[in-house]
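Subject: Handover of a structure and findings

Dear colleague,

Please find the structure below, followed by an account of what was found in it.

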Amino acid sequence: MHLNTSVSELKGVGEKTVKLLDKLNIHTVGDLIYDLPRGFMDIKEPIEPTREDVGRLISVKGHIVKGSVHVIKKGRVMIFAKVRISHSEVVVSEDKADVISLIYFNAPYMKKTLEAIEDERIFYGMLSDARGLTLSQPAIFTTDAYSDMLKVMQPVYGLTKGISNNQLRKLIRTAFDNTILPGEYLKDEELAAFDMPHIQSALLSLHFPLDIAEHKRARRRVAFHEFLTFFLETHEDEAYIDRPFNEPMIPVADTVRFIEALPYKLTSAQLRTWEEIEADMTSGICMNRMVQGDVGSGKTIVAFLALLLNAANSHQGVMMAPTEVLATQHYENLCTLADKYKLCIRPCLLIGAVTGRKRTEVYEGIKNGEYNVIIGTQAVITDKVIYKDLTLAVTDEQHRFGVKQRQALALKNLSDEPVHGEHKGEAGGGMHVLVMSATPIPRSLAMTLYAGVKLSVIDELPAGRKKILNCVVDKSYRPTAYRFMEKEIASGHQVYVICPMIDESEGLDVENVIDYTALLKEKLPPSIRIDYLHGRMKLAQKTSLMDAFAAGDIDILVSTTVIEVGIDVPNATVMLIENADRFGLAALHQIRGRVGRGDAQSYCIFINTGDSEESKARLDVVGKSNDGFFIASEDLRLRGPGEITGIRQSGEFGFKFASIYDDYSILEGVKDFADMLYKAGNTDRLREIGACIDEFGFSAVDFRSI
Ligand code: ADP
Ligand code: MG
């Protein structure tokens, strides 16, 4: 089998499993192998717990107390049982519990399972003091199975209802056992220089390491691979540095008039950025610029100005956004502005939801030039779209796209009719490229990643905007938070709630959108309108929910991080982030940026469910600062190496496995390595590496969360 063999070819994978895997976006054997664990179970010897252990993942050894298993029904089914702990010493000291409770939610079948247990077992789960010392939803092991588990680290995967962690782990194991992975392309001395294992064993170690050290080395190899892929792909960009632009554009009065007519004054950082863009576009050289600005700094309007200048010069421009919801919002926004200020802009929207006759009409209008600003998702880079005279490509939230998509957009000005096998657009014309990023990264890092790209930084928020007030609290604060949300809603505002998961999943004790919505409906008065949103919903549904929220028809929107990207609803003033310790600091800052966009005071509540000093220290960074650049630099400083039991969200800048922060030293090493290959002009080696990298099929960006 190969990486792109369908999962259905694997032994034991029937139609039902294929459907379940499909939900997890796993279609091929390679998808299984690249489905990295979200963390590892922190498995230790069983203990005799005391109150001190509350909030920790622990295991206890003992017997189910006969007759103690019963069902409690209150809203959702709850199974309750007691365990008599096996003590290692004859004399039980007073603070050590003799009996602890177990609870299971929504798992009626657990009644029979628990009743059937006679022998000693090991119960592994989070200790709380809900009903005396209580283990929530513990996993149950025989003593033999448990001692086997102690020997190796146990991966924990993202799951969906119907597939267990154990099943998925076994499937991944089977995938490895039956697949011929592409070979190692680095030389032994190169691997040694970076202290890395062979790539094939690295992939295996990411799932099944013996210890943390092995996992760490494996991560290095995979990060190296991903960065190298990135540098090889972007190297072509450098060929385009200072490419001439056929006919320099001329500055127009429309942009000046527009800036003056706006109901607000542009900040000086916005003005400076706009001037830099205008200078690029009127220079006769192709623009290649990145605008970095913190969430809410007002990047959109600057992009609109560029599109306006381009349109006034009688050209076409396109703006690509990572989600349909965001594209739709930009489109509606631009239509309103074009109308109100009589701009020479004729926009159209191109997203998956535009279908049938309307889609044909949009394609036609793009081709014949009727539309001069096209706003859409990746749909704008498909072959079906034929532009008439595209000269400006804007990518919003560029860190959500991969190199390939960004480049595809930048090359989209090729004319429809190839002339002598060559696209005539390439010879003449030229393309201005503008990418917008809300992930502030230190300048030096940006320079390493994007050679030849000029940088504008919007380092100022619009005046009069109130600072978001933050608090980092533990879960005991939840009732207070709910009362606070109620109060804000009563005064006409709206609330976002973010959970890490979509629905319940085993092994990880974290909040999910579905159950949390039900919980809030139970805890809050029925007059409060609560709804939810997540990435697995159909777009039409997502859009109508976002529209309803924007229109004020929903008071509380519970969501996964789908909502992270660029949405603008100024009336929302409260952001509650559940299991905040599960997210990276950059992601938390992005999520928080959904509030604080209007005149009213906004609040962000980070619920810390981690139990380490370290998670508290990390959350305090976002708790004390609203400054994205400061957070990014603290993030870099605080990320100690080797921490893997916690969940670290990678996925910054379209990297699926590597993190530009965690793996910064590797990033620099890879950059030097790639430069060296090019300088040495070793084309055979480059070709060989390129071919291997293609086989791994690694460069696809992970859109599953969007
Ligand atoms: P982001 O940089 O996160 O993309 P947006 O472009 O969505 O930010 O802008 C956030 C909000 O601020 C929008 O509602 C926008 O209309 C508003 N805005 C942008 N520039 C200014 C300004 N100079 N003064 C006041 N409000 C502004
Ligand atoms: Mg934006």
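Which residues come nearest to ligand 1? Of the 16 residues around ligand 1, these are Gly-296, Lys-299, Thr-300, Arg-465 and Asp-568, a residue being near a molecule if one of its heavy atoms lies within 4 Å of it.

The model is predicted: local features need pLDDT of at least 70 and side-chain atom pairs count only at pLDDT 80 or more, whereas totals for chains, interfaces and linings use all residues. Residues are numbered from 1 along each chain as its sequence is written, chains are lettered from A and ligands numbered from 1 in the order in which they are written, and side-chain values use heavy atoms, with hydrogens and water left out.

A nitrogen atom of the ligand lies 2.8 Å from a backbone N or O atom of Lys-265. On the side-chain part, an N or O atom of Lys-299 is 2.7 Å from an oxygen atom of ligand 1, and an N or O atom of Arg-597 is 2.8 Å from an oxygen atom of ligand 1.

Turning to the fold, seven strands form an open sheet with parallel pairing, in the order 11-12-10-13-16-9-17. Strands (E, at least two residues) and helices (H or I, at least four) are DSSP runs numbered from the N terminus, and two strands pair if DSSP finds at least two bridges between them. Strand 11 (347–350) and strand 17 (454–458) are the edges, each pairing on one side only. From one strand to the next the twist averages 20 degrees. Strand 11 runs parallel to strand 12 (residues 373–376), joined by four bridges, and Leu-350 stands opposite Gly-376.

Helix 12 (residues 324–340) lies across strands 10, 11 and 12, at about 165 degrees to strand 11; angles run from 0 to 180 degrees between N-to-C directions, with axes fitted to C-alpha atoms. Helix 13 (residues 356–367) lies across strands 10, 11 and 12 at about 130 degrees to strand 11.

Elsewhere, the axes of helix 23 (residues 664–680) and helix 24 (residues 683–696) come within 8 Å and cross at roughly 135 degrees. The pair is therefore oblique, as angles under 35 degrees count as roughly parallel, over 145 as roughly antiparallel, 65 to 115 as roughly perpendicular and the rest as oblique. Contact (heavy atoms within 4.5 Å) is made by Phe-673, Leu-677 and Tyr-678 of helix 23 and Arg-685, Leu-686 and Ile-689 of helix 24.

Yours sincerely

Technical notes
Polar contact = N/O pair within 3.5 Å; in protein donor to acceptor, adjacent residues only side chain to side chain.
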